[in-house]
Amino acid sequence: MTKGNTVLIGMQWGDEGKGKIIDILAADVDYVVRYQGGNNAGHTVVIGDTQYVLHLIPSGILHPGKICIIGNGVVVDPWAILQEMNELTSRGIKIEGSLYISENAHLIMPYHKLLDIAKEEHRGTVKLGTTHRGIGPAYTDKIGRVGIKMVDLFDEEVFSEKLKRNVLEKNFLLEKMYGREGVKEEEIKKQYLEYAKLLKNFVADTSVMLNEAISAKKIILFEGAQGTMLDVDFGTYPYVTASNPISGGACTGAGVGPTVIDKVIGVVKAYTTRVGTGPFPTELEPELNEKLRLKGKEYGATTGRPRRCGWFDAVAVRYAVNINGAGNLAVTKLDVLDEADIIKICTGYKYNGKVFANFPSNIRIVEKCEPIYEDIEGWMEPTSHIRKYDELPEKTKKYLNKLEELVGAKISIISVGPKREQTIFLDK
Ligand code: GDP
Ligand code: IMO
Ligand code: MG
């Protein structure tokens, strides 16, 4: 199914169903690699009647024998990863020998989480709606060149010095700027040196590992988190996450060259959702929004927050296809539209009398534009039992063909339910 090294990315605002598709593709690869983000992600995999939600550990971990890597581009909260490792172990999943974390990955520290919350509160009416996991402040420190890396945990002198400087600065911010209690340096030091002991066997130079694997003709699957419209460069800035979920991020976040990437698959929901604040041109009015949320069980896998729902936005996905170089698409949650009599697709944005066929960089236009819709007749029959493309209702095929035509990429996977087997493969 997966020929060559593949990057799999979200094409909308996250939660497209990447976890399910990664789990399917992982069967045919040797390595699965997370390259950005942190435990703000929530990737759901359903195997039989059992559901797993992965936050930091690549979704490939559920396949015995696969090597799972957390690359240098990921920000790692040691407390969160140890929790996730323990939970998976208690559910019978083997972690030892399967999971490796990059020495160069930056650490999420307790003050990052406190600053994430404090900054959000301070933003007043223009909150970003972050996951409060400390992601933004951890990347801020990385770019600001004061971050603490995984490798620093194993050199007490370096760790202590970096921690001291950070605590001084962060306590000033927490106490003087945000009127909160600061953190205690000694407590953090003790706690993190304990984490170091528990994580030691899992930390490695993962870029070397990956490049050796590539030389040995092993197959790699890069697991994007979040989505293109949450990308810090190309998303709806500032209502974005603090990393580059786009396919280009796979190289910088894993330490491999662009020449090793053979294929990019974009995951899209058959409609759109967004969790957190920020512009969302095709967002539905409250009644229909709620209907789609209930049918699609649209509640955050990480925070449990209700997701905002809307129609498929072909302007945003066409933009994502280009930025990611995504030749293939996996369309998920098609079954959620089974009962809709009319399905709308947004083909352009209208603002100040002008029509935008391309995604505008100016956030004001995205906030204020009026979507231009094309109506498609719904198929009004169940699809979740279907396993072959030819057996899909004609109206469903018409909808899918329209999506392909509008966004300029080929659909190669269709998902009609959360389970592994509820999947249709197209080898056109
Ligand atoms: P991710 O962050 O992109 O991995 O997506 P999430 O796991 O946050 O959210 C996707 C949700 O949709 C999960 O609850 C999945 O189990 C579920 N899901 C995935 N594919 C399908 C599908 O084709 N149909 C339905 N009904 N649910 C799906
Ligand atoms: P997966 O990988 C959906 C959103 C947050 C918020 C914004 C910034 O499961 O698709 P952050 O905590 O990253 O600083 O929050 O990004 N967000 C996600 N939305 N799916 C995700 O991950 C997300 N990760 C972050 O809701 O709007
Ligand atoms: Mg998710």
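## The loop between E1 and H1

Asp-15 sits in the loop that runs from strand E1 (6–10) to helix H1 (18–26). Helices (H or I, at least four residues) and strands (E, at least two) are DSSP runs, numbered from the N terminus. Although Asp-15 is not a glycine, its phi is positive, at about 60 degrees.

## Basis of the model

This is a predicted model, in which local features need pLDDT of at least 70 and side-chain atom pairs count only at pLDDT 80 or more, while totals for chains, interfaces and linings use all residues. Residues are numbered from 1 along each chain as its sequence is written, chains are lettered from A and ligands numbered from 1 in the order in which they are written, and side-chain values use heavy atoms, with hydrogens and water left out.

## The chain as a whole

The chain contains 12 helices and 20 strands. Its radius of gyration is 22 Å, close to the 22 Å that the globule rule gives for 428 residues, so the chain is as compact as a globular protein of that length. That radius is taken over C-alpha atoms, and the globule rule is 2.2 Å times the number of residues to the power 0.38. Along the principal axes, the C-alpha atoms fill a box of roughly 65 × 50 × 40 Å.

Of the 428 residues in the chain, 58% are buried. Buried means under 20% relative accessible area, exposed over 50%, and partly exposed in between (1.4 Å probe, protein chains only). Among contacts with a separation of 6 or more, 75% are between residues 24 or more positions apart; a contact means heavy atoms within 4.5 Å. The accessible surface of the chain is about 18300 Å², and carbon and sulfur atoms account for 52% of that surface. Accessible areas come from the Shrake-Rupley method with a 1.4 Å probe; for residues, only the protein chains shown count as cover.

The chain carries 55 positive and 56 negative side chains, and the centres of the two sets are 1 Å apart. Lys and Arg count as positive and Asp and Glu as negative, with His and the chain ends not counted. The place of a charge is taken as NZ of Lys, CZ of Arg, CG of Asp or CD of Glu.

Helix H4 covers residues 135–143, and its buried residues are Ile-135, Pro-137, Ala-138, Tyr-139 and Asp-141. These buried residues pack against strands E6 (75–76) and E8 (106–107) and against helices H3 (110–122) and H5 (156–177).

Arg-145 is not a glycine, yet it has a positive phi of about 65 degrees. With a relative accessibility of 75%, Arg-145 counts as exposed.

Pro-238 is found in the loop between strand E10 (220–223) and H8. The peptide bond joining Tyr-237 and Pro-238 is cis, with omega at about 10 degrees.

Helix H8 spans residues 249–254 and includes Gly-253. Gly-253 is buried, with a relative accessible area of 2%. Not counting residues up to four places away in sequence, Gly-253 touches Arg-34, Tyr-35, Gly-71, Asn-72 and Gly-73. Gly-253 and Arg-34 are 219 residues apart in sequence, and their C-alpha atoms are 8.0 Å apart in space.

## Helix H9

In helix H9 (residues 286–295), the buried residues are Asn-289, Leu-292 and Arg-293. Seen down the axis of H9, they fall within an arc of 105 degrees, so they line one face of the helix. The arc is that of the directions from the helix axis to the C-beta atoms. The face of H9 turned away from this buried side carries the exposed residues Glu-287, Lys-291 and Leu-294.

The buried residues of H9 pack against strand E13 (308–310).

## Helix H10

Helix H10 (residues 314–324) is mostly covered, with 9 of its 11 residues buried. The buried residues include Ala-314, Arg-318, Tyr-319 and Asn-324. The packing partners of the buried residues of H10 are E1, E11 (263–269), E14 (312–313), E15 (328–332), E16 (342–351) and helix H12 (394–407).

## Strand E17

Phe-356 belongs to strand E17 (residues 354–356) and is buried, with a relative accessible area of 16%. Leaving aside neighbours within four places in sequence, Phe-356 is in contact with Gly-348, Tyr-349, Tyr-351 and Ile-365. Phe-356 and Ala-27 are 329 residues apart along the chain, and 41 Å separates their C-alpha atoms.
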